[in-house]
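Me: I would like to learn how to read the features of a protein model, one at a time. Could you take me through this one?

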Amino acid sequence: MNEYQIKLSDWHFSAVDQEEWLPASVPGTVHTDLLRNGKIAEPFVGTNEHRLQWIDKVDWQYRTEFDLTQELLAQPRLELVFDGLDTYADVYVNGQHVLSADNMFRSWTVDLKPHVQEQGNAVLVKFRSPIEEDLPKLAKQGYGLPASNDQSELGGLGDRRVSVFARKAPYHYGWDWGPRFVTSGIWREVRVRAAGDSRVADLYIEQKSVTAANASLRAIVEVESSADWDGVLVIRTGEQSWESKVSVKQGQSTVGIDFDIAEPELWWSRGLGAPNLYTFEAELLHGGAIVCRGKVRTGLRSVRLVTDKDERGSAFYIELNGVPVFAKGANHIPNDSFLPEVSYERYRHEVASAAEANMNMLRIWGGGVYEEAAFYELCDEYGIMVWQDFMFACSMYPGDEPFLNSVHEEAIYNVKRLRNYPSIVLWCGNNEMDTAWSHYNETGGWGWKQDYTAEQRVKIWEDYEQVFHRILPEVIESHAGFVPYWPSSPMTGLTGDATQHAFSTSTSGDIHYWGVWHSVEPFEAYNVNIGRFMSEYGFQSFPELKTVLTYADETELRIDSEVMLAHQKNGRGNQLIKEYMDMYLRQPKDFPSFLYLSQVLQAEAMKMAIEAHRRQMPFCMGSLYWQMNDCWPVASWSGIDYYGRWKALHYYAKRSFADVLLSVDGTKPGQVDCYAVNDAQTSFEAELDVELITFDGELKASDRLAVTVEAGGSGIVWSAKVDELIAAEWDRSKLALVLRLRRGETEICRTEHYFVEWKALQPVAGDIRISEVPGSNGTQFQVSSATLALKVRLTSETEGIFSDNYFDLLPNVPQTVSFYARSEGERPFEPAAPVGLSAASMADFVQ
């Protein structure tokens with residue numbers, strides 16, 4: 001027998017001080033179990049969040065029973081494995097205490113052999129309140145630590161912020177886009193595992209050197225064995241195999257074999273090549289018989305974080321297989337406040353949506369969780385690179401020995417769990433902590449240092465360095481040394497002086513630019529504040545009306561209503577959206593129009609930022625906006641709402657992240673410059689068509705020229721003086737500049753540019769016509785208008801996505817659009833005929 005596993009089921013739960021046991025779901029959380037049993041109201045509706053804060057002050061318990069066969073009882077190894085316990089838990093088997101857990105981010109294993117029999121084995125898991133557990137730690141320390149997103153007031157704790165003491169998802173305590181639901185529960189799978197005398201505990205394919213010519217690899221196999229023995233290790237992939245004599249030791253030992261693959265099929269990120277994957281199998285043989293085996297899937301690639309100095313500072317980009325990659329994407333947060341609710345289909349929808357939007361990177365932000373295997377497997381398959389934060393964000397953390405030991409074990413567990421995924425190209429220590437504290441700049445940072453004595457400051461920074469400058473990089477070096485580590489985001493580099501801390505105009509490292517939004521700077525500031533790698537920036541919008549109505553009724557459809565404010569976690573967020581809308585757009589007709597305009601406003605802001613970043617290649621080599629997704633239905637920075645519905649931003653991102661892009665820069669007074677941006681590693685010749693048209697389709701000027709689109713960069717392909725292009729008597733508020741890049745009859749990309757601010761544009765209210773494309777079975781249709789229609793929104797009652805949406809529809813130029821229904825089948829999106837298809841433009845929503 002190699003290995004056999006039994007998933008434990010039929011769980012029940014109760015409050016520790018109560019006798020009513022109710023059915024429970026495992027994996028699950030106490031909040032969702034209470035909801036399914038009708039004990040609480042839907043947490044995401046209205047202001048119910050506020051009324052459910054009592055749950056995290058209660059101790060909860062879960063129990064089940066299981067039987068074992070004589071065959072399983074006879075196995076040398078019999079263990080109880082918890083893949084995730086959230087968070088402070090004591091485990092009992094048949095009344096015997098067998099485990100105390102205190103870290104949500106790792107697995108826990110118990111030797112069952114001394115505690116079980118054949119029938120009626122009882123498992124009891126008692127969860128202590130994370131709030132009651134950590135309040136004494138805060139009191140003992142004598143002062144609080146910075147944790148600006150911990151919504152302790154909402155939780156009834158006043159200013160007592162305890163989130164930093166728990167190795168638990170920080171966002172559970174609230175964030176400026178998420179609710180405060182401090183969960184407890186068995187949040188990942190729990191099972192009984194039986195194995196023979198030996199088992200493969202881990203298989204790692206270490207990639208020592210990978211090129212197009214050869215991959216030099218080492219298979220590292222961790223073996224758990226009840227005795228010493230000599231045998232043979234065999235590694236297989238496809239038709240190839242390698243073997244070596246090995247000696248296995250009692251307990252846990254490591255054996256390995258070096259091998260090479262000539263001309264490997266490399267793993268590439270989306271847009272650069274195929275994300276090729278290999279499956280490797282390891283077999284350990286004794287006397288010619290297989291004793292135990294393991295299997296892992298990975299991709300072969302070389303990855304390097306390039307931070308070389310240059311004349312403008314220091315570079316910051318990912319080099320994949322020797323190719324500099326401009327990172328295009330967004331920041332990922334957990335898909336739900338209640339993590340076990342995230343299905344494989346929801347993960348696939350997010351990752352497939354990233355690929356559909358021409359992204360090649362997602363950053364797993366440090367205030368959430370190390371994600372499920374399904375997420376990384378999907379990123380591997382779709383060619384989406386992953387920037388992986390360790391789970392620390394926007395806070396300072398304690399440095400006592402138990403805490404540091406827990407962090408060390410957490411880091412080892414997760415680095416080893418994730419190190420075979422080729423999509424992970426960077427590990428990062430934390431989110432925003434270096435810049436928030438700004439140890440070497442007395443007036444820098446977020447004002448945290450000023451609340452502490454000199455002695456406390458020294459202690460807090462020493463604790464910080466212990467985790468992020470010693471423990472974490474040492475774990476990476478020991479267990480995944482071929483993937484780079486970056487201590488904090490943002491940061492210019494580990495200099496040990498004031499230049500270490502990033503700011504909005506840094507020319508080294510990465511930047512989080514929040515002048516737009518938090519500092520209420522105009523959108524045009526995106527054209528100026530450009531760093532080497534823009535790892536955060538963003539602007540908020542509301543979700544569509546269908547989503548809003550899941551948490552608010554018709555009487556609450558005002559930005560200042562109690563419910564709307566409860567679903568806006570960023571203070572003045574709703575008012576900020578309105579203020580920016582007043583700056584840039586005409587007034588909405590009603591609240592549904594306000595929702596639409598908020599999405600257009602957000603999308604236009606992000607387009608300006610993304611394209612400003614891409615125009616500055618290779619100085620800037622990354623653009624990751626905040627944020628990809630939501631954990632509940634809310635007004636936020638997301639491009640995809642909680643239900644997976646694409647906002648205008650995601651459609652805009654698809655166009656602005658296209659592998660070949662035309663982007664117009666109008667920042668120079670009296671001049672327009674058109675850039676061609678090309679992510680590919682090959683140059684090509686093309687034709688550029690330039691047309692100046694009125695909103696009713698009259699051609700005012702045109703030009704056609706041959707251009708060279710250079711490889712892996714950005715360059716100006718056309719420029720004009722505005723006064724020379726536009727006659728004085730022409731009404732600029734009704735003019736559009738249209739640029740098309742073609743190769744023969746094939747249009748590669750198109751962009752439009754306008755000569756007045758958005759609110760001064762004069763959209764024409766006209767009929768938008770929709771006609772089915774013959775032979776498409778209703779899955780494709782042409783959209784057309786006699787006049788220019790701005791920001792055309794297509795909607796359908798069918799859940800799904802359009803091939804394009806929120807686009808400018810040129811006069812008498814039909815645009816073909818396809819519809820894809822969201823699917824749980826083999827593909828995430830299937831061609832479908834949308835039910836209730838309709839179209840509207842900006843003219844339909846403004847006064």
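This is a predicted model: local features need pLDDT of at least 70, side-chain atom pairs count only at pLDDT 80 or more; totals for chains, interfaces and linings use all residues.

Me: How many of the residues of α15 are buried?

Reply: A helix has 3.6 residues a turn, so residues three or four places apart point the same way. Helix α15, which spans residues 648-656, is mostly covered, with eight of its nine residues buried. The buried ones are A648, L649, H650, Y651, Y652, A653, K654 and S656, a list that includes the charged residue K654.

Me: What is the overall make-up of the protein, and how does its radius of gyration compare with the globule rule?

Reply: The secondary structure comes to 16 helices and 45 strands. The radius of gyration is 28 Å, close to the 29 Å that the globule rule gives for 847 residues, so the protein is as compact as a globular protein of that length. Along the principal axes, the C-alpha atoms fill a box of roughly 90 × 65 × 65 Å, and 61% of the 847 residues count as buried.

Me: Which residues have the most contacts inside the largest nonpolar core?

Reply: A nonpolar core is a set of buried nonpolar residues joined through their side-chain atoms. The largest one here has 215 residues, and those with the most contacts inside it are L80, F82 and L85. Helix α14 (residues 591-615) gives the largest share of this core, with 14 residues. A second, separate core of 47 residues includes V200, A219, W267 and L320. Turning back to L85, and leaving aside its neighbours within four places in sequence, its contacts include V91, W108, F127 and W187.

Me: Is T751 buried or exposed, and with which residues is it in contact?

Reply: A residue counts as buried under 20% relative accessible area. T751 has a relative accessible area of 6%, and is therefore buried; this residue lies in strand β37 (residues 746-753). Beyond its neighbours within four places in sequence, T751 is in contact with K607, L662, V664, L737, V738 and L739.

Me: What is the phi of N321, and what is that of N358?

Reply: N321 has a positive phi of about 55° although it is not a glycine, and its place is in the loop between β21 (317-320) and β22 (323-325). At 15% relative accessibility, N321 counts as buried. N358 likewise has a positive phi, of about 65°, without being a glycine; N358 lies in the loop between α5 and β24 (361-364), and is buried, with a relative accessible area of 16%.

Technical notes:
Residues are numbered from 1 along each chain as its sequence is written. Side-chain values use heavy atoms; hydrogens and water are left out. Helices (H or I, at least four residues) and strands (E, at least two) are DSSP runs, numbered from the N terminus. The radius of gyration is taken over C-alpha atoms; the globule rule is 2.2 Å times the number of residues to the power 0.38. Buried means under 20% relative accessible area, exposed over 50%, partly exposed in between (1.4 Å probe, protein chains only). A nonpolar core is a set of buried Ala, Val, Leu, Ile, Met, Phe, Trp, Tyr and Cys residues joined through side-chain atoms within 4.5 Å. Contact means heavy atoms within 4.5 Å.
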